[in-house]
Amino acid sequence: MKIFLFTIIFITSSLSSLGQVSATDWFIQGNAQLDEGEYWQAKMSYTKAIELNLESESIYYNRSLANYSLDNISECLADLTKAIELNPNMVKALYDRGLL
């Protein structure tokens with residue numbers, strides 16, 4: 001799995017220098033990093049996707065998970081709130097925000 005992640009990061013970094021990485025690519029990379037427990041890197045990948053105008057409740061929710069794991073509770077809460085703003089019926093975001 002580590003080799004796979006390294007390959008994703010290497011390819012994404014290479015494409016980034018060419019300006020060809022899409023917001024979806026950053027989101028996918030963030031998901032892989034989150035799964036591996038690389039919370040800081042995941043947060044940065046999700047942030048890059050957001051900067052490239054990916055407005056998705058899933059990306060904000062996933063970034064909230066990374067922020068929570070990094071003990072960034074205020075940022076976690078802000079991301080959960082944005083996820084709910086984008087999809088008021090996102091039960092897991094509503095639940096998690098209620099727990100905070």
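A word on the ground rules comes first. In this predicted model, local features need pLDDT of at least 70 and side-chain atom pairs count only at pLDDT 80 or more, while totals for chains, interfaces and linings use all residues. Residues are numbered from 1 along each chain as its sequence is written, and side-chain values use heavy atoms, with hydrogens and water left out.

The protein chain comes to six helices and zero strands, where helices (H or I, at least four residues) and strands (E, at least two) are DSSP runs numbered from the N terminus. Read from that end, the elements go α-α-α-α-α-α. Of the 100 residues, 36% count as buried; buried means under 20% relative accessible area, exposed means over 50%, and partly exposed is in between (1.4 Å probe, protein chains only). As for contacts (heavy atoms within 4.5 Å), residues 24 or more positions apart account for 46% of those with a separation of 6 or more.

H3 covers residues 39–51, 13 residues in total, and reaches 18 Å from its first C-alpha to its last. That is close to the expected 18 Å, a span worked out as 1.5 Å times one less than the number of residues. Its buried residues are Ala42, Lys43, Ser45, Tyr46, Thr47, Ala49 and Ile50, and their cover includes helix H2 (23–35), helix H4 (57–69) and helix H5 (73–86). After H3 comes Asn53, with a positive phi near 75°.

Two of those H3 residues turn up again in the largest nonpolar core, where Tyr46, Ala49, Ile59, Tyr61, Ala83 and Ala93 touch the most other members out of 19 residues. H2, H3, H4 and H5 each give two or more residues to this core. A nonpolar core here is a set of buried Ala, Val, Leu, Ile, Met, Phe, Trp, Tyr and Cys residues joined through side-chain atoms within 4.5 Å. Leaving aside neighbours within four places in sequence, Ala49 is in contact with Ala23, Trp26, Phe27, Leu54 and Ile59.

Charged residues have their own story. The whole structure holds four salt bridges, each a side-chain nitrogen of Lys or Arg within 4 Å of a carboxyl oxygen of Asp or Glu. One of them pairs Arg63 with Asp79, the closest N and O atoms being 2.7 Å apart. Arg63 lies in helix H4 and Asp79 in helix H5, so this pair ties together parts that are 16 residues apart in sequence. Both ends are tucked away: Arg63 is buried, with a relative accessible area of 14%, and Asp79 is buried at 3%. Besides Asp79, Arg63 is in contact with Lys43, Tyr46, Thr47 and Ile50, once neighbours within four places in sequence are left aside.

Lys82 is involved in two salt bridges, with Glu55 at 3.6 Å and with Glu85 at 3.2 Å between the closest N and O atoms. Lys82 lies in helix H5 and Glu55 in the loop between H3 and H4, so their pair ties together parts that are 27 residues apart in sequence. By contrast, Lys82 and Glu85 both lie in H5, three residues apart, about one turn of the helix. Lys82 counts as partly exposed at 21% relative accessibility, Glu55 is partly exposed at 45%, and Glu85 is exposed at 55%.
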